Amino acid sequence: MHTEIQEKGIQEKRNFDFIDTIRCISMMGIVMEHCTYNGTYIFNGFPPKHIVYIGLIQFSKFGTISFFLLAGFLLGSKFTTYSSWQYFKRRLSTVFLPWLIWSLVFLCAIIIQNYIALHRSGDFHLRKLLIEKIEMIYLFTNYWFIINFMFCIAILLCFKKYLYKWWLGAIFLVLTLTYSANVYFEWFITSHTIAIFGFIFYLWLGAILNKYWSKIEAFIKRTPYYIFIGLFTLTFCLAVFDIIHLIQIKSEDPYNTLRISNIFYSLATIFLLFKIKEFRFVKYLKPRETTFGVYLIHYILVTHLLPEVFRPFHLIQFNEMSLGNMLLYIACRFTIVYSATMLLIALISKTKIKWIIGR
């Protein structure tokens, strides 16, 4: 009996290590997307560099859905050891509080930047700026998704008794597909801030994967690689063509995460990562200790560090760059942001306030 308990504990830990690894790769995708994106309607027509630009954004577009799904996987495993309130309180301290601190750091950086640029001309109005930037940070940046994440967790915890009921998943699926359809028909605003119920399904799906993981893992192991690679390639191509179509019809948000094509692409990517499973290079990044910190910090560096790094080079506009220079520029942006973020996390982790980078 004791041996069985030990083996179960070892198996759970191995799964947690694996999930942490995939979360780290998903976070790299989120950073890559933010370092690549330079606007939606910035090209005339569809020259090769525009197609490549679309492809690079789509390639990294699995990160958000993966973030929710893997969080749901871990949430499902905690249901047996924590009460609903215990779990939510734990999330408040490990997720919400670090998020609040870094979002305020972001706000302060914006205020300081605007003060330096505008105070001499007399155009600096603190109250107006605060209202404008608070709305921008908490509704239109990656910090919004933590608000959404906490809301989704609260909803799932309210339905904890029915978590593994398929009818509950069906309701959440209908909600997310409603937002997906809206990307194409635009019945209401397509912004992700409206999709407050759009990501609950992926948390639920993660919990379901956790519950049936032994069977799912066995299925993944006996399925050939070419199936997963084929699905990844097919869904990627379909998602790219979907973006092109949405751009052609002047969609409000052609890169929307909840596009049906991106849902299939994200799931195909996640299952391909499940199949590969071992990513030895990731262990050197200490994913469990650093992944959430990367999410909290990197966007501040994208908006405030990168402009200062590239300012002395007097680069031409992004859409006027050659394909080669565009790729080099994006690669440099990603390398600078990810490296600087990891350096900051490493320094913070050696202090008494290491809790602000989350776990």
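Which residues form one aromatic cluster? I listed F67, F68, F145, F149, W166, F199, F201, Y202, W204, Y212 and Y295.

**Ground rules**

I noted that this is a predicted model, where local features need pLDDT of at least 70, side-chain atom pairs count only at pLDDT 80 or more, and totals for chains, interfaces and linings use all residues. Residues are numbered from 1 along each chain as its sequence is written, and side-chain values use heavy atoms, with hydrogens and water left out.

**Aromatic pairs**

I looked up the pairing rule. Rings of Phe, Tyr and Trp (its six-membered ring) pair if their centres lie within 6.5 Å. Planes under 30 degrees apart count as stacked, over 60 as edge-to-face and the rest as tilted. By this rule I get 36 aromatic pairs.

F232 and F236 make a stacked pair, with 6.4 Å centre to centre and 15° between the planes. They sit four residues apart in helix α10 (residues 225–248), so about one helical turn separates them. Helices here are DSSP runs (H or I, at least four residues), numbered from the N terminus. I found F232 buried, at a relative accessible area of 17%. Buried means under 20% relative accessible area, exposed over 50%, and partly exposed in between (1.4 Å probe, protein chains only).

I then checked F310 and Y329. Their ring centres are 5.0 Å apart and their planes are at 70°, so this pair is edge-to-face. F310 lies in helix α12 (residues 287–310) and Y329 in helix α13 (residues 323–348), so the pair ties together parts 19 residues apart in sequence. Both F310 and Y329 are buried.

Which residues are buried in helix α9? In this helix (residues 213–222) I found W213, I216, E217 and I220. Seen down the axis of α9, the buried residues fall within an arc of 100°, so they line one face of the helix. That arc is taken from the directions from the helix axis to the C-beta atoms. The face turned away from the buried side carries the exposed residues S214, K215 and R222.

E217 has a partner. The side chains of K277 and E217 meet in a salt bridge, at 2.4 Å from N to O. K277 lies in the loop between α11 (260–276) and α12, and E217 lies in α9, so the pair ties together parts 60 residues apart in sequence. I read K277 as buried, at 19% relative accessible area. E217 is buried too, at 11%.

K277 also has its charged end over the ring of F18, 5.3 Å from the ring centre. The rule asks for NZ of Lys or CZ of Arg within 6 Å of the ring centre and within 35 degrees of the ring normal. K211 lies over the face of Y164, at 4.8 Å from the ring centre.

**Other salt bridges**

How many salt bridges does a search of the whole structure find? I get seven. Each is a side-chain nitrogen of Lys or Arg within 4 Å of a carboxyl oxygen of Asp or Glu.

K61 bridges to E33, with the closest N and O atoms 2.5 Å apart. K61 is in the loop between α2 and α3 (63–78), and E33 is in helix α1 (residues 2–36), 28 residues apart. Both K61 and E33 are buried.

R311 and E308 form another salt bridge, at 2.6 Å from N to O. I noted R311 as partly exposed, at 49% relative accessibility. E308 is partly exposed as well, at 42%. Salt bridges that share partners join D20, R23 and R288 into one network.

Conventions. Helix = DSSP H or I, 4+ residues; strand = E, 2+ residues; numbered from the N terminus.
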